[in-house]
Amino acid sequence: MTGLQSAFRAVASATDFERAVAEFQAAWSEGRCEAAVPVWVGERSDLGAALDLAAELYPALRQPPRHAAGVVLGDVPAAVRSFARPLAWQWTDGEPSAGDGSLVVLGCYTDLRMEVLGPVLVDAYRRDRDVFLLTGRDLNSLTWMIAKQYGEVAAGGETGLFTDLDTEPVSTWATYYDSRTLGGADLTRIAAERVWKRVMVSGHGTEDSINLGAHTVCGRSPVAGPERPGPTCAYGRGCYKPEDKLLPAHRVRTAELVLGGCDSGALADLASYSPRYQLLLNAVDGPAQTVVAALSMHQSARVENLIWLDSADRGGSTARLLNASLETMHPYPTFIQVGLPSSAYGDPAPPAPALEEEPAGLVRDLSSRARGFLMTGMLPAAHPLREGLERVAEKAETTAVRPIMGLVAERSAFLRSLRDDARSLDEAIAVRMAERPDDGLAEFSRFFGDRSSVSPSDATTVPCVLCGRTAWQYRRRGFSARVPDTTAHVCLSCGPVGYTMDGGVRLDANAAPTVFAGATLRIEATVESVRPGPVPVGVTVPWSLHAQISPAVHDVRLGGRERQSILFEVRLDPSAPPQEHHFTVFGVQDLAISLLRCPFTVLPPEEA
């Protein structure tokens, strides 16, 4: 590590940058490490501002860690390649491949596509291999990301955790704000005015933002990008949150920034919004030398927050550390890391151990569905379906005894009576979900998922039912008999496509990708059951669309392994906000709920 007056210097042209890289590398090879690291800023005034923010954050330089292999994606000029060369021992061009040892991937954001990186990310996840991305919205951002790897973070920097997903207190030396204390804090000032070593923001999010109570971590950049759909502000309608409480990701002075919201790190072919609004790219343009973000939707929360806090003295890949913690929730890579291990860390952290699986049988499943819904915290005490669920649970547990189950006639009569009660409840559940999409019933996947574990033997890859890309399908087994098993279908492109309670029906859907506000979205839903009987099927959309759905619930009668299609019409109000939304198709059979979540984009009302 060496001290210097200014860690980085801006270079205006490609020719000047090529000369500056040669001079910088010659100085370092001769042991003259006081030279400032060049950054090809070009006409990017925002990158010039980022260099100013980095001055206090990185008062010294380090020798960046060198990794086993590097691969270059896309058209990267020779000077930029030369600039990155010391960060890996061997470099190749073309698509990255599976292998041993840590891997560095170099390329502009447009070349970082899931179809290229997906196989290597999955292979690395399975074998605990570190993958580090060096990227940016353009070549200027890319050179800035490379340059930051030489920064040595200030010794007095703080660690900050800001989470809107936790209400329990945490005993920690770090700066910590949770959902109880966010409301009284001026996060815009706290996060932007201090110098940090590490910062994690954990809240519900999308590609462009992460919610932190009244505050919002914002991805909007002053840099123009290709014309593609964007959030509400892209259409001149302002922000959906108070603009005086926005925290631009590129203004946070931290060596490592963890963007814990869903979809915060969508790759180029996964993204729905224009790069101008991408949270990941906004953070990369800032002073952080390491940015960790989520490929898709996920369920990281308190456990991952605490593991990250406790990793202060351990380094390696933060993305791998968080992915290892999430193995019991979803068996695929959730987080990616842009940048090498931060200068705020030391030795690598070991992966978290996996939990054991637990089997369950058919009769137990029927009982656990009802008891699962009745668990404390799932449904409120005054919920109108509790009485019916208690009746089914009581019947299953008091009547399913050997004198009944061991005799054919008695067993058949009991199961027929139990099935009739369940079908009556199926209809009630479907109507409730159609009328109250925010009811606790629709949250079964998260509620039961938090009380379940995933085993590698229960995970497989299948074609995504929406886009055809590779998706993960896996069973989450309950820790206790009262937690029903659920099956998840998650695509790294489309996100969490579907969740099904064990034994639930299979759902497919087809609809146009875009619809004008005030127009009608036609959805063709297909339902398939493994056993005969009625299946109530419905569709819900976000309340902000003020939509009218017809029919509210359709009663489909199926034979075993039979498929049937139904048409739903969703009439959107002209005031529906133009941005990406999702509709959800649901089906219920024998108390087992199935959900299918599909994206679509609302465009501003069509001009007359």
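Predicted model: local features only at pLDDT ≥ 70, side-chain atom pairs only at ≥ 80, totals over all residues.
Residues are numbered from 1 along each chain as its sequence is written, and side-chain values use heavy atoms, with hydrogens and water left out.

Reader: Which side chain joins that of Lys-241 in a polar contact of 2.8 Å?

Author: Lys-241 lies in the loop between strand S14 (215-218) and strand S15 (246-248); strands (E, at least two residues) and helices (H or I, at least four) are DSSP runs numbered from the N terminus. Lys-241 is buried and has no salt bridge, as Asp-164, the nearest side chain of opposite charge, is 6.9 Å away. Buried means under 20% relative accessible area, exposed over 50% and partly exposed in between (1.4 Å probe, protein chains only), and a salt bridge is a side-chain nitrogen of Lys or Arg within 4 Å of a carboxyl oxygen of Asp or Glu. The polar contact (a pair of N or O atoms within 3.5 Å, one able to donate a hydrogen and the other to accept it within protein, with residues adjacent in sequence counted only if both atoms are side-chain atoms) is made with the side chain of Asn-211.

Reader: How many disulfides does the count come to?

Author: A disulfide is a pair of cysteine sulfur atoms within 2.5 Å. The sulfur of Cys-233 has its closest cysteine sulfur in Cys-239, at 6.3 Å, which is too far for a bond. Cys-262 is in no disulfide either, the nearest cysteine sulfur, in Cys-491, being 15 Å away. The count of disulfides is zero.

Reader: Which residue caps the N-terminal end of H5?

Author: Helix H5 (residues 139-148) is mostly covered, with nine of its 10 residues buried. The buried residues include Asn-140, Trp-144 and Lys-148. The backbone nitrogen of Asn-140 lies 3.2 Å from a side-chain oxygen of the capping residue, Asp-138.

Reader: Which residues are linked with Asp-138 in a network of salt bridges?

Author: The count for the model comes to 31 salt bridges. Within the network, Asp-138 is linked with Arg-44, Asp-46, Arg-137 and Asp-285.

Reader: How many residues apart in sequence are the parts that Arg-253 and Glu-56 tie together?

Author: The closest N and O atoms of this salt bridge are 3.0 Å apart, and Arg-253 is buried, with a relative accessible area of 12%. Arg-253 lies in the loop between S15 and strand S16 (254-259), whereas Glu-56 belongs to helix H2 (residues 45-57), so the parts tied together are 197 residues apart.

Reader: Which residue meets Asp-458 in a salt bridge?

Author: The N to O distance of this bridge is 2.7 Å. The pair links strand S21 (residues 452-463) with strand S22 (residues 470-478), across 19 residues.

Reader: Which residue of S33 stands opposite Phe-583?

Author: Strand S32 (residues 580-589) has nine of its 10 residues buried, so it is largely enclosed by the rest of the structure. S32 is joined to strand S28 (residues 533-540) by four antiparallel bridges and to strand S33 (residues 592-603) by 10 antiparallel bridges; two strands pair if DSSP finds at least two bridges between them. S32 and S33 form a hairpin with two residues between them, where Asp-590 has a positive phi of about 55°. The residue opposite Phe-583 is Cys-598.

Methods: Lys, Arg positive; Asp, Glu negative; His and termini not counted.
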